[in-house]
Each structure stands twice: as C-alpha cells, then as structure tokens.
Amino acid sequence: MQAVDIEKIMEEIRREIKEKGYKEEDLHFKDIALDAEEPSGMRYSREDAERQLDYLSFHSDNPVFFPLSGNPVKTFVQRVIRRIFLFVIYPAFQFQNKHNATVTRFLKQSMNYMNENEALMEQLKKQQEQIDRLNEEVENLKKRQD
Amino acid sequence: MNKIGFVIPWFGWDIPGGAEAELRGLVTHLHDAGVGLEILTTCVKEFMSDWSHNFHRPGIVVEHGITIRRFRADSRNAADFAQVNAKLMAGRIPLTAEEEQIYVHEMINSRELCHYLSGHRQEYSLYVFIPYMFGTTYYGIMQCPEKSVLIPCLHDESYIYMKVFADLFPKLRGMIFHAYPEEALAEKVYDLSEVKHAVLGEGIDTEWQGDARRFRDKYHVEKPYMLYAGRKDSGKNVDQLIAYYREYLWRNGETLDLVLLGGGSIKLPKDIEGHVHDFGFVPIQDKYDAYAGADVFCNPSHNESFSLVVMESWIAQRPVLVSGSCAVTRDFVRRTGGGLYFDGYFEFEGAVNFLHGHPEAAERMGKSGRRYVLENFSWPVIVERYMSFFTDICGGIADASHHNTDRCNTAGAASGMQE
C-alpha cells in the first residue's frame, strides 16, 4: 500500500487558498462567540466542581503567617512587626479558618447529595425507558388484537 | 535479575488520573508477561485527597496478583506549599531556591517509602517513578539515582522548569517518554546526555471492531459525518471546531454532519442545530461504531500529550484531522500519514474537502494510522519495548514467579519499612 504524502497534500491546500485569494475577512462567523463550557466557568461540571472543592479543602486551614525568606535584617524586622500585631490578627484568623472549614464541610455534603441525586436520576431514566418500551409493546399487542 | 519497583504517589484500581491509568495498564501487562514487579506507594487514596491523610493501611497487599507496598505519608505544611504552588500555577514566575525546596518538601512525601527504597535497593533491579512532579518521585530518585528510571509525563508547564528537577534528572539511569515532542521538550529543558532515554509510547487496547451501520441505525445518522469525541469544553478547543463547522456549512452546503460524543456541554447556534448530533456519553461499543462510520475524526485541541481518541480513530481505520498548533498530534499525523492538520479556517476547509473528495486517499490514511498504532501502541509491543529498555539498562528481567512471596504480610511490610 502506497503511503500518503501528507505534506504534499497540505502544500496543495495552501496553494489553493493562495490562488483563490481567501482572506480572514471573508469569514462569516469568526466573530460570533460560542457558548462552549469554560473549564473553570460557572456552568456545572462535576470534574470542575470536585477540583474546586479539593482546592477549598486544601486552603481552608491557613496559618497566621507564611514563612519568611530573604534578607535576614528585613525578615527580623518583619518578624518583630508580626509579633506586635499577633494578638489582633490571631483571633480573626481562627475565626476565618473555622468559617472556611464549615463552608467546605457544607459544600462537601452538597456534593455528596448531588452525587446521590445523579445516581437516582440515572436510575429513573432507565426505569422511564423501560416503561416506554413496555407501553410500546402493549400498544403493539392491542393493535394486533384489533 | 531482581524485581522492578514502580513508584507512584498513590495507587488504586479505580482512581482517576492519566499517569495512574497508565501505570495500572502497564504493570498489569508486564505482570502478565512474567515480569517480576511491585508497586511502591503511599497510603494516600488519590490526587484529590488530603496528601497527608493515610487512607489505606500501611503494609503489603496483593491485588490482581500484583504486590502493592504502601507506606505512611508524612505530615506537611499545606499552606506553605499552596503559597509556592500558587506562584507556579500563575505562570512562569521564577521561584527562589528556598521556595523550590518548600515545594518539594511540603508536597506529598513519605520518609518511610524513601527509607525502604534506600534500604532495600539490593532487592530491586530498578525503581521506575511516575510522574515527575511529586515528592515521592523527587526524594525517591535521590535515594539511588543510578537505579532510577522516570516516566515523567511532561507537559510544557511551569513545574518542569524548576531547578530542583533540572539538577536531579541528569543523574537518572533512564527516562521514558510517550511521544517524540515530549522527548524534545525534555532534551531542551534538562541535560540528558548521560541518561538513557527512549520514546516507548503508551499501551492501548486494540482488540475491538467498530460497525458503522450499527451506529447509523441506532443513532439515526444518515449523512456522512465528522466525529469529535472528548470533553466539550473550551480547553479542548471545541468552540473553534463548531465555528469552523458552521462556516464550512455556509460555504460548502449541507454535505457533512457533525457528531459529538463525550461529556460537557456546548450551546449550538440555531442555524446548525439540525446538522450537529450531540449524543453525550455513549456505551463504549457505540463509540467504536461511531469511529468506524465517520468520514473523518477531528481533534481540534492544542494541548494533547498523547490523544487516545486519535489512536482509537486509527484503530477503526479512519483518517484524522488535528490542530496544527498541537505538537504531539501533528507529529503523530506526520509520522503515520494517517490524516491532515490545519492552521486556521481555510486549511480546515481544504483538509475536510480533500478527505471528503478523495475517499481512496482517506482510506489509505486510516489504514496507515491503524498500522502505526498496532505496530507501536498495542500492548504486546509496549510490553516488549519496556522489557527491552529495562534489559538494556540492567541486563535481564525479573521473573514474576520468584516474587510475590510476601502476600498479605502486613507485619512483614511494617518491619521492612523500619529499616
């Protein structure tokens, strides 16, 4: 079997485009935005939702301070300033982390609930298909009787 | 020769993930071919889990005849990791050396696993790590780089440019890639002059047949059609495919339908609704039948690391049309002669018209693609290649019958881990 020369075909296609003088401006639908699902968009996608939830779980419990690195003098000053404000920041952080944990827990529960519902819907769909099939059979039997 | 230890951050027979699925297929087929091997992993359930939560019990289990040794994951500072990881995810913001250390140190790690790798190196001919970016891989390779082979699963992303990896990977014994563009990327980023590396591909199931008539009858598609199978999201560039298809209909008449398979959703313009058949998820045999019936299979995605759907279309002997911007799929098309590629609408139109107007050439392309897949990615070929690669590296392959002696010996594993 003779192999197809892909590059030769591509060259021919390009030559034809050039010869016919096609231009991007000739296109009719190039500016029309389509509503394809954004990977991180607002439309429900189980995969994305799970990813978001994972992110939330990951970031719900945050430390009051991140580690310091770099110039030792600078980090010393930063450390001192942090210490001074710790008594103000710490309770707020604790409150925020607790809030994050509650929200994440609630969302996980919602996700579990959605998963259960999806399974039920699937089951219902199958049952409906079965009912339709049976109805069809009943109709056929009735017709045959008539 | 001793057994081979496959090291992965988490392992399970039904967990999601590309590297996870690849390892499952690979170890199963290697084991069936008589290669002595074990899975060495942590007790973490999967990628989506908390990376310090030990879901599985530590110790040894044998599943499907394969020994799996699980080790406790270390506790970690997730917040420190998240801070550095956010920088990496944002793009190529350079990290300081300290930040890179935080990244590898505060991600999934297991001291017990590292201890085991180091203490039991004499029992293994090789350790094979997959994929590249996790702590189990980084610190695992450090235990004995001279026995380490890496299946990196590389993409052009910020993580591959980290200095910690660039310093470590040149010390590897071997590296295995799925496609030539992946190998080229690795050679560009790392010094692999002393590392034996090869493109071995990925194993895929080739033992199936599609029935075009069955698909047309079941789904009531009568016209010739172009097929897309995969997630319908903008990351896969499906919106461009729809826009191009719409333009194609407008300029060429209603000669070709478009069939979409897979998850996700896309709102179609009213004027083409009658020509686009979105069937969502279908049973796997129906998908195979759809491949067989298609005039052409189109994968418009710019970012593929292998493209299983392209391979499946070739198994069904149908030509493919891929994005010219995707190095991997374009490379496959050029190597196989199994289809065409497009940059911009007019090349898309030209390619579709060529395939539509030259059924003999299209058939030759499909056959050529099938031959390439069978010669390169069927499991017997992949197993042979892996065995040959491992043999080249260490001069012999372990025999499965000599191993799996520690069946279900949890206590034994625990004592091994303490060494």
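Biologist: Why is Cys153(B) called buried?

Modeller: A residue is buried if 20 or more other C-beta atoms, placed from the backbone, lie within 10 Å of its own, exposed if 12 or fewer, and partly exposed in between. Cys153(B) has 20 other C-beta atoms within 10 Å, so Cys153(B) is buried. This is a predicted model: local features need pLDDT of at least 70, side-chain atom pairs count only at pLDDT 80 or more, and totals for chains, interfaces and linings use all residues. Residues are numbered from 1 along each chain as its sequence is written, while chains are lettered from A and ligands numbered from 1 in the order in which they are written.

Biologist: What makes Gln317(B) count as buried?

Modeller: Gln317(B) has 20 C-beta neighbours inside 10 Å, so Gln317(B) counts as buried. Its phi is positive, about 65 degrees, although Gln317(B) is not a glycine.

Biologist: Which strands of chain B stand at the edges of the open sheet, and why?

Modeller: Strands are DSSP runs of E with at least two residues, helices are runs of H or I with at least four, and both are numbered from the N terminus. Two strands pair if DSSP finds at least two bridges between them. Eight strands of chain B form the open sheet, in the order 3-4-2-1-5-6-7-8. Strand 3 (59–63) and strand 8 (196–199) of chain B each have a single partner strand, so they stand at the edges.

Biologist: How do you know that strand 7 of chain B is joined to strand 8 of chain B?

Modeller: Four bridges join them, and they run parallel. In one of these strands, strand 8 of chain B, Ala198(B) is the bridge partner of Ile176(B).
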